[in-house]
Amino acid sequence: MERIFHITFICFGLSYLLACNNPQPEASDLLEEAERLIEVYPDSAMLLIDSLFYPEKSLNHENYMRFLVRQVQAKYKVNRPIVEDTLIFQARDHYSTGSKDPQLTTLAWFYSGCVHRKRREYKQAMDHFQSAAEYAKKANDTNLQGLVQYNIGSLLTEQGLHQQALDQYKIAAQFYHSIPDKKTQCFSAIGRMYSLLQQPDSAFKYFHEGLEIAQSTGRNDLQSLLAQNLSVAYTNEKQYDNAELYLQKAFSLNNDSSRLSRYYLNFAKLYSGMGRPDSALLYSEKLKQCIDSCKITDNNLKASIYHFLASSEKANGNFNSAFDYQDKYTNVVEDITKERLQQSVYEVQQKYNFELQQKQFDDKFTKAERFITLLIIVILMGALTFSLYTFKQRKKHILALQKINILRNMADDLKRLHSNYESDTDRKIRRLMMDKFDTVKKVALLNNSIKEDDSPQKVLDKLNEIVYGKNFEEEWLAIFRVFNEINPGVSEDIQHQYAKFSNNEFRIFILSYAKFSPNEIAVVLNLTYNTVLTLRSSIRKKIKMNGSRPHDLLYL
């Protein structure tokens, strides 16, 4: 019994420890379900995320990083405060170090930027949005690219940089081309920027196109937004009937209580412009109640409300109240100016654009530099090849001229041998072998064929054609027969004694025996002078190694 008690106690202890280690085993499944719902049903996703009561223990590290991103994403979509959600910076750092999920990396940077923006750290927000744009591009996700570009435009709008914001909204609209609701929001923002830039025709164009898209999709909130924008635009152009029509339509479609202050302001401005003081006064009173009871975080909207109320109270003779609203307006404007001076996102964007352009320039310069380097290498290689070719041709030309001169000397020597006929066997062999080589005839042909202005290649071709022709082996056999006729049995004896002689070595030995000089041998056998000397040296070594007939060295 005691043993059973101990076992039960141990099992209970282990179960408790396991439960402490993972207090919510279903946490991963809940997170996965929240991710599936977050785009279409963010409220449901938020409930699931809130149900994860101990995520840092219930989830592994990778899933916990996902949780941090999805938590801020869900809060942002349901308009819950994210100003304190700085843990997402851990997820940003995690996904920035070799992550293989570009979508989550983009979201981590984007929502980190959103946290900075809510904390009014606008420079950091712009830096993060620009980084998110780069990651979204790598992910090739047009929805994420549109989201990031739209929010860059929104951030620039807060800084009063309307032209730059307009450019970003247009880029976002291109990414959202196939998503009607997102495209509608972009058109609304583009129209507002054109209104602020005093370009009413362009503003009306985008407002009306956006309203048509919103009507086709049945989105009341977007129809309300576009109708209100049209009302403001018509008010600015003093087309009050159209302004009232669209403002009433917008108000009837609105279900967002946080936007009431904006509607009251627009109604008050409209009726003041139309000369309907009672209606203007009614909405001015509603506006006063709203600004006192509602927490308006948009300083630009606050400034517009205080400015209108100050002007309205002054017109009605309520100077004390007018001064009070004017002071509030001045304070809000000072806050806006201070934020813009301290956190100039335009400088960040310009710096980013400069760095991007610098990178593009560096890339182009690097490509151009590579091309130029390659071109220089090709030119140098071409020049080197041409120089080597020219050098070889010149060398061949010099050798050809040298052979021609040797042939001429041989022809002169042959003429002398004929005029001074001698019975000396060595001279006779030399004379008869040069006759068989047609030395005189070949020199005469060369003298007639080669001109001073002939190219090196032409000289070389003529030399080969006249001196060696196509039947060089037959010519050698004729010369060899002359040698054998005058010296019968000598060649057979040499071949027997020195069987290791190569073909050229044997021929050089025969010509050396007949008293041909190395230069003459080079011409007869179509070899270079250096080759002849090398082969003669090889012949000497083989004769010495043979150990017999040392007197044969005398011929060399």
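**Aromatic rings and their neighbours**

Modeller: Arg-92 lies over the face of Trp-109, at 5.8 Å from the ring centre. This is a predicted model, in which local features need pLDDT of at least 70, side-chain atom pairs count only at pLDDT 80 or more, and totals for chains, interfaces and linings use all residues. Residues are numbered from 1 along each chain as its sequence is written, and side-chain values use heavy atoms, with hydrogens and water left out.

Biologist: What makes Lys-205 count as lying over the face of Tyr-206?

Modeller: A charge sits over a ring if NZ of Lys or CZ of Arg is within 6 Å of the ring centre and within 35 degrees of the ring normal; Lys-205 lies at 4.4 Å from the ring centre of Tyr-206.

Biologist: How many aromatic pairs does a search of the whole structure find?

Modeller: The search finds 24, where rings of Phe, Tyr and Trp (its six-membered ring) pair if their centres lie within 6.5 Å, and planes under 30 degrees apart count as stacked, over 60 as edge-to-face and the rest as tilted.

Biologist: Why is the pair of Trp-476 and Phe-480 called stacked?

Modeller: The ring centres of Trp-476 and Phe-480 are 6.1 Å apart and their planes are at 15°, so the pair is stacked.

Biologist: Why does Phe-509 count as buried?

Modeller: Buried means under 20% relative accessible area, exposed over 50% and partly exposed in between (1.4 Å probe, protein chains only); Phe-509 has 1% relative accessibility and therefore counts as buried.
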